[in-house]
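Here is a structure to go through by question and answer. Each reply sets a value against its cut-off.

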Amino acid sequence: MKATHFGAGNIGRGFIGEILHENGFAIDFVDINETIIDALRKRNSYEIELAAQEKTHITVDQVTGLNNQKEPDAVIDSVATSDIITTAIGPNVLPIIAELIAKGIQKRRQEGNQTPIDVIACENMIGGSQILLEKVRTYLTEEDLTYVENTVGFPNAAVDRIVPIQQHEDPLFVSVEPFCEWLVDDTQSKAKQIRLDNVGYVSDLAPYIERKLFSVNTGHATTAYTGAHYNYQTIGEAVADERVLNQLRAVLKETGDLLINKWDFPRKKHEQYIEKIVERFKNPYISDDVSRVARTPIRKLGYNERFIRPIREAKTYGLSYQALVDVVAMILQYDEPSDEESVRLQEMLKEKDLTEVIQDVTGLTDDTIIEEIVEKAGSN
């Protein structure tokens, strides 16, 4: 079997690539990074190291690379002849690859390929695959759309593995934490003949997507922005500070109460899940930069993102959200010259009233929440 995977970065190679390899797939990695693509073509394999005391190594072979900018036809051919299509390329890049996926689907139809296939966006976002589908649809004819309806699934997914920024002499080598979780919405899947080992297929993905987003992503970002507030450079340094750890636990308590109330997760089981997350952040074998985890602060303050959405919903349920507001105030003060969004956010704060910036960036219309954020941001 063959997979086409968009995104040959550390997450693509160190997480999705490993799972696909374990399931017997040869993998065409698609990316614009010429160094990585050339190395994949030349060597057809790479090494993964699990960031733990044992430092277990995993060899992923039967791989190659395709440059979507320089050889789009080869990418289209790959999509047309694959058994599964996956992405780990970043939410903002999904629209860029949509046309290639659409043309690959068209070619499948034109060649009479009626074997069902799934296109799975493995991104840190809610509803990523369905968002990708909407972008793909714009390039398809009515005949193509009928074909998609019958044979091409775009099941949403929830993925979780910490893969920090890293530099190695070998451009393909990647270090990842041992823990990983990949869940797929089975109700949106068309390729029922393929069920990947070490991937969970669930009938309702929403609780698990929100559990991951509001726990792992919210928690990781909380550690980063609180760490930046106290001038730490790495997540490991930050989480060793009781002030950061206490802020992390307070935020995860608030998001946990929301998740328990909304989705009926058993409290004891969810508390164990939270403790597992805290221990993952403390992993001494992973060195992650605060600036990497804190990057794109404007996106992270989005209306349906990891801070504003749980704040909105916690208020609806009559639950506390003050620790989340504390972190939002820290994000508004996050000043990182190397981060384009941080620079833009700080420029907005100089040019506009704080209340107006909060409204513009978060999309909030709830005056009470806006006032709480203003008050906290003004007092820090």
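Q: Why is phenylalanine 265 called buried?
A: In this predicted model, the relative accessible area of phenylalanine 265 is 13%. Buried means under 20%, so phenylalanine 265 is buried.

Q: What makes tyrosine 208 partly exposed?
A: Tyrosine 208 has a relative accessible area of 28%. Buried is under 20% and exposed is over 50%, so the value for tyrosine 208 falls in between.

Q: How many aromatic pairs does a search of the whole structure find?
A: The search finds four. One of them joins tyrosine 208 and phenylalanine 265, with 6.2 Å centre to centre and 70 degrees between the planes. Centres must lie within 6.5 Å, and planes over 60 degrees apart count as edge-to-face, so this pair is edge-to-face. Tyrosine 208 is in helix 7 and phenylalanine 265 in the loop between helix 9 and helix 10, 57 residues apart.

Q: Why is the pair of tyrosine 225 and tyrosine 334 called edge-to-face?
A: Their planes are 85 degrees apart and their centres 5.3 Å. The angle cut-off is over 60 degrees, so the pair is edge-to-face. Tyrosine 225 lies in helix 7, and tyrosine 334 in the loop between helix 14 and helix 15.

Q: Are tyrosine 225 and tyrosine 334 buried or exposed?
A: Tyrosine 225 has 1% relative accessible area and tyrosine 334 has 6%. The limit for buried is under 20%, so tyrosine 225 is buried, and tyrosine 334 is buried.

Q: What makes strand 11 largely enclosed by the rest of the structure?
A: Five of its five residues are buried, so strand 11 is largely enclosed.

Methods:
Residues numbered from 1 in each chain as written. Predicted model: local features only at pLDDT ≥ 70, side-chain atom pairs only at ≥ 80, totals over all residues. Heavy atoms only, no water. Buried < 20%, exposed > 50% of the residue type's maximum accessible area, 1.4 Å probe, protein only. Helix = DSSP H or I, 4+ residues; strand = E, 2+ residues; numbered from the N terminus. Phe/Tyr/Trp six-rings, centres within 6.5 Å; stacked < 30°, edge-to-face > 60°.
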